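Please look at the sequence and the structure first, then read on.

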Amino acid sequence: MTDLQTIPILLTPSVAETCVFAESLGFDVETLGGYAVLRGHGIEIHYSHTDRPEACKETSCYIRGGGILELHATLKARGAARLSDITKRDWGMTEFYLHDPHGNLLKFGMSSDALPVGFDAPNWES
């Protein structure tokens, strides 16, 4: 079987604002009317225009892989607003979160077992 790929499609009330946000984080952006394709940092995310901006605050996507530590450092260096710290979670994942300008939650995670030797992150406390 050929490898499959999942690409989330999130909603945005302003494709233009989403593109500015994405470009500031180092993504290449392609727009097609009310649709945007973001590529960079080894991931691809799509955005589609919505007339219901409240829907953005109720959606998220999870991006999983070993490159999240480097990605977090890159996003932090680029001054990403609404970027969480990296945290070890009770469920065996080490994660960070990023909200886009309209409230979509981008969750990034990797297995805590795969962390490099010597890497330390605080444990999440419920």
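In what order do the four strands of the open sheet lie? The order is 5-8-7-6, and the pairing is mixed. This is a predicted model.

Strand 5 pairs with strand 8 in the parallel sense, over five bridges. In this part of the sheet, S60 stands opposite L105 in strand 8. Helix 2 packs on the sheet and touches strand 5, strand 7 and strand 8. The direction of helix 2 makes about 30 degrees with that of strand 7.

Strand 7 and strand 8 run antiparallel and are joined by seven bridges. Here E95 stands opposite G109 in strand 8. Strand 6 and strand 7 also run antiparallel, joined by two bridges, and the bridge partner of K88 in strand 7 is T94. Six of the seven residues of strand 7 are buried, so strand 7 is largely enclosed by the rest of the structure.

**Strands 2, 3 and 4**

Strand 2 and strand 3 pair in the antiparallel sense over four bridges, with T31 opposite A36 in strand 3. Strand 3 also pairs with strand 4 in the antiparallel sense, over six bridges. One of the residues involved is L38, whose bridge partner in strand 4 is I45.

**Hairpins**

| Hairpin | Residues between the strands | Residue and its positive phi |
|---|---|---|
| Strand 2 and strand 3 | three residues | G33, near 65 degrees |
| Strand 3 and strand 4 | two residues | H41, about 55 degrees |
| Strand 6 and strand 7 | four residues | G92, about 85 degrees |
| Strand 7 and strand 8 | five residues | G103, about 105 degrees |

G33 lies in the loop between strand 2 (28-31) and strand 3. Is G33 buried or exposed? G33 is exposed, because its relative accessible area is 70%, and the cut-off for exposed is over 50%. The C-alpha atom of G33 is separated by 29 Å from that of T74, a residue 41 places away along the chain.

**The nonpolar core**

Which residues of the largest nonpolar core touch the most other members? They are L75, F96, L98, L106 and F108, in a core of 28 residues. Several elements each supply at least two residues of this core: helix 1 (15-24), strand 3 (35-40), strand 4 (43-49), strand 5 (60-64), helix 2 (68-77), strand 7 (93-99) and strand 8 (105-111).

Leaving aside neighbours within four places in sequence, L98 is in contact with F21, L25, L75, A80, A81, R82, L83, N104, L105, L106 and F108.

**A buried histidine**

H46 is found in strand 4. With a relative accessible area of 13%, H46 is buried. The side chain of H46 is joined to that of E44 by a polar contact of 2.6 Å. Beyond neighbours within four places in sequence, H46 is in contact with I7, P8, I9, L10, Y35, A36 and V37.

**Cysteines**

A disulfide is a covalent bond between the sulfur atoms of two cysteines. How many disulfides does a search of the whole structure find? The search finds zero. For C56, the closest cysteine sulfur is that of C61, and the distance of 12 Å is too far for a bond. C61 is likewise in no disulfide, with the sulfur of C56 as its nearest cysteine sulfur. Both residues are buried: C56 has a relative accessible area of 0%, and C61 has a relative accessibility of 7%.

**The end of the chain**

V117 lies in the segment after strand 8. V117 counts as exposed, because its relative accessibility is 88%. The C-alpha atoms of V117 and I9 are separated by 35 Å, and these two residues are 108 residues apart along the chain.

Note on methods. Residues are numbered from 1 along each chain as its sequence is written. This is a predicted model: local features need pLDDT of at least 70, side-chain atom pairs count only at pLDDT 80 or more; totals for chains, interfaces and linings use all residues. Side-chain values use heavy atoms; hydrogens and water are left out. A nonpolar core is a set of buried Ala, Val, Leu, Ile, Met, Phe, Trp, Tyr and Cys residues joined through side-chain atoms within 4.5 Å. Buried means under 20% relative accessible area, exposed over 50%, partly exposed in between (1.4 Å probe, protein chains only). Contact means heavy atoms within 4.5 Å. A disulfide is a pair of cysteine sulfur atoms within 2.5 Å. A polar contact is a pair of N or O atoms within 3.5 Å; within protein, one must be able to donate a hydrogen and the other to accept it, and residues adjacent in sequence count only if both atoms are side-chain atoms. Two strands pair if DSSP finds at least two bridges between them. Axes are lines fitted to C-alpha atoms, for helices over the stretch in contact, and angles run from 0 to 180 degrees between N-to-C directions.
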